[in-house]
Amino acid sequence: MKDHLTVVDHPLVQHKLTLMRKQQTSTAEFRQLLREISQLLAYEVTRELPMTTTPIDTPMQEMDAPVLAGPKLALVSILRAGNGLLDGMLELIPSARVGFVGLYRDEETLKPVQYYFKVPTQLEKRLVIAVDPMLATGNSSVAAIDMLKEAGATDIRFLCLLAAPEGVARMQEAHPDVPIVTAALDERLNELGYIVPGLGDAGDRMFGTK
Ligand code: URA
């Protein structure tokens, strides 16, 4: 994946995203749309996975057929909203290994602090896809990717639903080697750090907490 930022402009992605942005969309609809859109985004972010061939017998004859190569990829959810993207992606890539990164913001320093970190073994040999629906300030995404690199990951992609220009710039500065795949690049962050026009708080909308 050459570009630092890929906006998935497929019509189905854009249509579903519009439904998700709407204030009136219920929690149940939001979850269902997230599951559907995450499969379409998974398709895009895995487009260049390495392939090999394996000999098989079809009912007609033998052939060398294409299969995914190498160790299973690792999906890493940045808690808690990352879990919404993760669920849909696992439907498409059921054999993926899964990790979790939990971060909270220290109210004094405003810096992200790790409270949970559990990732698959042999991270250095896997494609690692970190997932978080909202790339806002980029602080937690940058911190999560710092931790994944410390754990050995070298081939990382970041998948989100919405990105703010501020978050993209922060990621580009801190992790220029990590391509970002998103369904949309929105206008800006507001004074509270929310993406506008955005869709509100992704965690609250998918879990019905508010
Ligand atoms: N996190 C969210 O859930 N929404 C935003 O707009 C920004 C960060």
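Mentor: Let's start with two helices: the axes of α1 (residues 11-21) and α2 (residues 27-45) come within 10 Å and cross at roughly 155°. This is a predicted model, where local features need pLDDT of at least 70, side-chain atom pairs count only at pLDDT 80 or more, and totals for chains, interfaces and linings use all residues. Residues are numbered from 1 along each chain as its sequence is written, and side-chain values use heavy atoms, leaving out hydrogens and water.

Trainee: Why is α1 called roughly antiparallel to α2?

Mentor: Angles over 145 degrees count as roughly antiparallel, and the crossing here is roughly 155°, so α1 is roughly antiparallel to α2.

Trainee: Why is Y115 called partly exposed?

Mentor: Buried means under 20% relative accessible area, exposed over 50%, and partly exposed in between (1.4 Å probe, protein chains only). Y115 has 49%, so Y115 is partly exposed. This residue is found in strand β6 (residues 112-118).

Trainee: And what makes Q122 partly exposed?

Mentor: Its relative accessible area is 38%, so Q122 is partly exposed too. Q122 lies in the loop between β6 and β7 (127-131), and has a positive phi of about 50° although it is not a glycine.

Trainee: Which residue does a cis peptide bond join to V196?

Mentor: That is P197, with omega about 0°. P197 sits in the loop between β14 (195-196) and α6 (202-207). The peptide bond from L79 to R80 is cis, with omega near 0°, and R80 lies in the loop between β4 (74-78) and α3 (82-92).

Definitions and conventions: Helices (H or I, at least four residues) and strands (E, at least two) are DSSP runs, numbered from the N terminus. Axes are lines fitted to C-alpha atoms, for helices over the stretch in contact, and angles run from 0 to 180 degrees between N-to-C directions. Angles under 35 degrees count as roughly parallel, over 145 as roughly antiparallel, 65 to 115 as roughly perpendicular and the rest as oblique.
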